[in-house]
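User: Please take me through this structure, and for each term you use, set the value against its definition.

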Amino acid sequence: MITDRNAPSGSSAGAPTNGPGSNGHGSAGDPNAFNAIQVEHIVKKYGDFTAVDDVSFNVKEEEIFGLLGPNGAGKSTLIRMMTTLIPITAGTARIAGHDVQKDPDAARRAIGVIPQALTSDLDLTIEENLNIYAKLYDVPSKKRKAAIDELLELVDLTKWRSAQTKTLSGGMRRRLEIARGLVHSPRIFFLDEPTTGLDPVSRVAVWEMLTSIKSHRKLTILITTHYMDEADRLCDRIAIVDHGKLVALDTPPALKASVPGSNVIEAQFDNAPADWEDRLKKLNGVTSVQHEGASMYRVLTGDGSRTTTELVEAAVHSGVKIRSLSVQNTTLDDVFVHYTGRQLRDELVKAHAFVMPPRPGLQP
Ligand SMILES: Nc1ncnc2c1ncn2[C@@H]1O[C@H](COP(=O)(O)OP(=O)(O)OP(=O)(O)O)[C@@H](O)[C@H]1O
Ligand SMILES: [Mg+2]
């Protein structure tokens, strides 16, 4: 059951409390907060193929809203429609109250966009890249320098301001793009996978930066990511998208609570019999069992300690050796499996790896 308590009437995402036309103000946790983004029954078709299929959701002002889904789910297509980059086949999107089809210029003025592919000019310096954008967005010349100085501080690139973009690491380029997207002080910020392809340290740095920027200015953030852990820690609400459809939407704790079972036991066994999965399913408290290959089983249970005890007893009794065993709380990975029937990790392994755009001068 999808539970967007903030979705428009008749939406595939649940009952309305704050549909189109509402104009209350408040913060992300406030149910009466103004909707910075309102998406209603939006559809995108490419010929016969439906890339986005009747999706509805609202994002409240100052909320961090995550779009989570495997490759090809439709995340970028959704962002491109919301940000006026591609036509909408059916349905509507309102950005800061402006219908993106009827008044694209007004919508554009309210937003900053970081596309999935890196797009800064490699031959320019960091500062030149920011300056060009500031001019494109008509930031008055008197304000330009102060705005750029402030942003360089926020993304921790002040001492690199004169460095040519092609000499930067992937993480630094992402930070430059984040600064560039904010140069005209947008109210709503769209980021399409800003951390994909980055090492774990740079990923954390990007998120810390976004959190810090949000504490300095009024900003609504819509972000797509593959990383469940990031989404869990940093998003106020998360929409899970799969095959173009919205399959779940709520706060991370509520999403986890919606999955039957509160603990996950991950265990690896030696010489498990053929009916081992069925036997694990019969243990007390178990709501589902997944055989993940390499003798690894993932057991969801509402009673972690009882199931663990029974599992160990069953293994001893059957002469099955336990190679490893861990008990954790339910994660967003389990939420994804619950709503899509698949593991996000597997989907990502199947997908093509992220390739950094070429860095001239460093090519073989
Ligand atoms: N211009 C296009 N023409 C035809 N099909 C397209 C086009 N753009 C996207 N698609 C298809 O629409 C679907 C959704 O693509 P989209 O790029 O939105 O997915 P995504 O969730 O952003 O994936 P990723 O995580 O890989 O970025 C995919 O099946 C894709 O192949
Ligand atoms: Mg994408």
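**Burial, sheet and ligand shell**

Analyst: Of the 364 residues of the protein chain, 41% count as buried, a residue being buried if 20 or more other C-beta atoms, placed from the backbone, lie within 10 Å of its own, exposed if 12 or fewer, and partly exposed in between. The model is predicted, so local features need pLDDT of at least 70 and side-chain atom pairs count only at pLDDT 80 or more, while totals for chains, interfaces and linings use all residues. Residues are numbered from 1 along each chain as its sequence is written, and chains are lettered from A and ligands numbered from 1 in the order in which they are written.

User: What makes the 70 residues a nonpolar core, and which of them touch the most other members?

Analyst: A nonpolar core is a set of buried Ala, Val, Leu, Ile, Met, Phe, Trp, Tyr and Cys residues joined through C-beta atoms within 7 Å. In the largest such core, of 70 residues, Met-82, Ala-179, Val-183, Phe-190, Ile-221 and Ala-239 touch the most other members, and strand E2 gives the most to this core, with five residues. A second, separate core has twelve residues, including Ile-265 and Leu-311.

User: Why are strands E6 and E10 said to stand at the edges of the sheet?

Analyst: Strands (E, at least two residues) and helices (H or I, at least four) are DSSP runs, numbered from the N terminus, and two strands pair if DSSP finds at least two bridges between them. The open sheet of six strands has the order E6-E7-E8-E3-E9-E10, with mixed pairing. Strand E6 (111-114) and strand E10 (245-250) each have a single partner strand, so one side of each is left without a neighbour in the sheet.

User: How do you know that strand E9 is paired with E10?

Analyst: Five bridges join strand E9 (residues 237-242) to E10, and the two run antiparallel; with at least two bridges required, they therefore count as paired.

User: Which residues surround ligand 1, and how do they divide into nonpolar, polar and charged?

Analyst: Among the residues around ligand 1 are Tyr-46, Asn-71, Lys-75, Thr-77 and Gln-116. Helix H1 gives the most to this shell, with three residues. Ala, Val, Leu, Ile, Met, Phe, Trp, Tyr, Cys and Pro count as nonpolar, Asp, Glu, Lys and Arg as charged, and the others, Gly among them, as polar, and on that division the shell holds four nonpolar, seven polar and one charged.

Technical notes: Near = placed C-beta within 6 Å.
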